[in-house]
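Student: I have a structure open and would like to go through it residue by residue. Can we start with the helices and then turn to the charged pairs and the backbone?

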Amino acid sequence: MRIAVCVSGGGTNLQAIIDAIEAGTVTNTEIAVVIANNPGAYALERAKNHGIEAVCVSPKSFESRDAFNRALLETVDSYHVDLIVLAGFLVVIPEEMIRRYRNRIINIHPSLIPSFCGTGFYGLKVHEGALARGVKVTGATCHFVDEGTDTGPIILQKAVEVLENDTPEVLQRRVMEQAEWIIMPKAIDLIANGKVSVSDGKVHIEN
């Protein structure tokens, strides 16, 4: 299975995927390309360090959002990928891409959906929201992408304990280490090995 990984920043989730492929815990999977919307994204360096093709498609290079959306879709199409992985990609995915790659785009979100998700909940804001509400358990969710924000079928979730003196930054790191970096590679492996299907808006996983 050929995958495209879309990133905006440091690429820690990308690194978790690369490590899992190299360790053999993710099988039948090759990263065909890493696409960033930000030319300064360290994730591009991570890709190059592992001999993976890395390209930047930045909205700033185009006169309109439509032109950017077309370029992004053309770039993805040109690599003939089976799955698009959004690993901290802070760009709204064009609807045409969602239609064309129905149930073939996955995202990682740093909470247990449906809590602390949807418009406005991204990055540290998710963890700020969890701490402000006083929840005792948070976590991460890997889900397929549909036309809504964080509303697509859920593939995997993993819970993470919230501790008494957590700051948003400390909680963010724990959620990455204990949930995101575990379930995202696992979801890719399940999909690559034909164990995931979607019906009636729900994901079914074969044992």
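Student: In which helix is the place of Ala 187?

Tutor: Keep in mind that this is a predicted model. Ala 187 has its place in a helix, and that helix is α6.

Student: Is Ala 187 buried or exposed?

Tutor: The relative accessibility of Ala 187 is 0%. Buried means under 20%. Ala 187 therefore counts as buried.

Student: How far is Glu 180 from the nearest side chain of opposite charge?

Tutor: Glu 180 is also placed in α6, which covers residues 168–192. Glu 180 is buried and has no salt bridge. A salt bridge needs a nitrogen within 4 Å of a carboxyl oxygen. The nearest side chain of opposite charge is that of Arg 173, at 9.9 Å.

Student: What is Glu 180 in contact with, leaving aside its neighbours within four places in sequence?

Tutor: Glu 180 is among the α6 residues that meet α1, and one of its contacts is Asn 13.

Student: Which residues of α1 and α6 meet?

Tutor: Helix α1 spans residues 12–23, and its axis comes within 9 Å of that of α6. On the α1 side the residues are Thr 12, Asn 13, Ala 16, Ile 17 and Ala 20. On the α6 side they are Met 176, Glu 180, Trp 181, Met 184, Pro 185 and Ile 188.

Student: How are α1 and α6 oriented to each other, and what is the handedness of their crossing?

Tutor: The two axes cross at roughly 55°. Angles under 35 degrees count as roughly parallel, and 65 to 115 as roughly perpendicular. The helices are therefore oblique to each other, and the crossing is right-handed.

Student: How many salt bridges does the structure hold?

Tutor: One of them joins Arg 100 and Asp 77, at 2.2 Å from N to O. Arg 100 is in α4 and Asp 77 in α3, so this pair ties together parts 23 residues apart in sequence. The number of salt bridges in the structure is six.

Student: Which residues are linked with Arg 100 in a network of salt bridges?

Tutor: Glu 96 forms a salt bridge with Arg 100, with 2.6 Å between the closest N and O atoms. Because Glu 96 and Arg 100 are four residues apart in α4, about one helical turn separates them. Arg 100 also pairs with Asp 77. The residues linked with Arg 100 in the network are Asp 77 and Glu 96.

Student: What is the relative accessibility of Asp 77?

Tutor: Arg 100, at 40%, counts as partly exposed. Glu 96 is partly exposed too, with a relative accessible area of 40%. Asp 77 counts as partly exposed, and its value is 22%.

Student: Which residue forms a salt bridge with Glu 147?

Tutor: The closest N and O atoms of this pair are 2.7 Å apart. The pair links distant parts of the chain, 45 residues apart: the loop between β6 and β7 holds Glu 147, and its partner lies in the loop between α4 and β5. The partner is Arg 102.

Student: Where is the place of Val 145?

Tutor: Val 145 counts as buried at 11% relative accessibility. Among its contacts is Leu 86, which is 59 residues away in sequence. The place of Val 145 is in the loop between β6 and β7.

Student: Which residue does a cis peptide bond join to Ile 113?

Tutor: Most peptide bonds are trans. Here omega is about 15°, and the bond is cis. The residue joined to Ile 113 is Pro 114.

Student: What is the phi of His 80?

Tutor: Most residues other than glycine have a negative phi. His 80, exposed at 62% relative accessibility, is not a glycine, yet its phi is positive, at about 50°.

How values were computed. Residues numbered from 1 in each chain as written. Predicted model: local features only at pLDDT ≥ 70, side-chain atom pairs only at ≥ 80, totals over all residues. Heavy atoms only, no water. Helix = DSSP H or I, 4+ residues; strand = E, 2+ residues; numbered from the N terminus. Buried < 20%, exposed > 50% of the residue type's maximum accessible area, 1.4 Å probe, protein only. Lys, Arg positive; Asp, Glu negative; His and termini not counted. Contact = heavy atoms within 4.5 Å. Axes fitted to C-alpha atoms, helices over the stretch in contact; angles between N-to-C directions. Parallel < 35°, antiparallel > 145°, perpendicular 65-115°, else oblique. Left-handed = near helix turned anticlockwise from the far one by under 90°.
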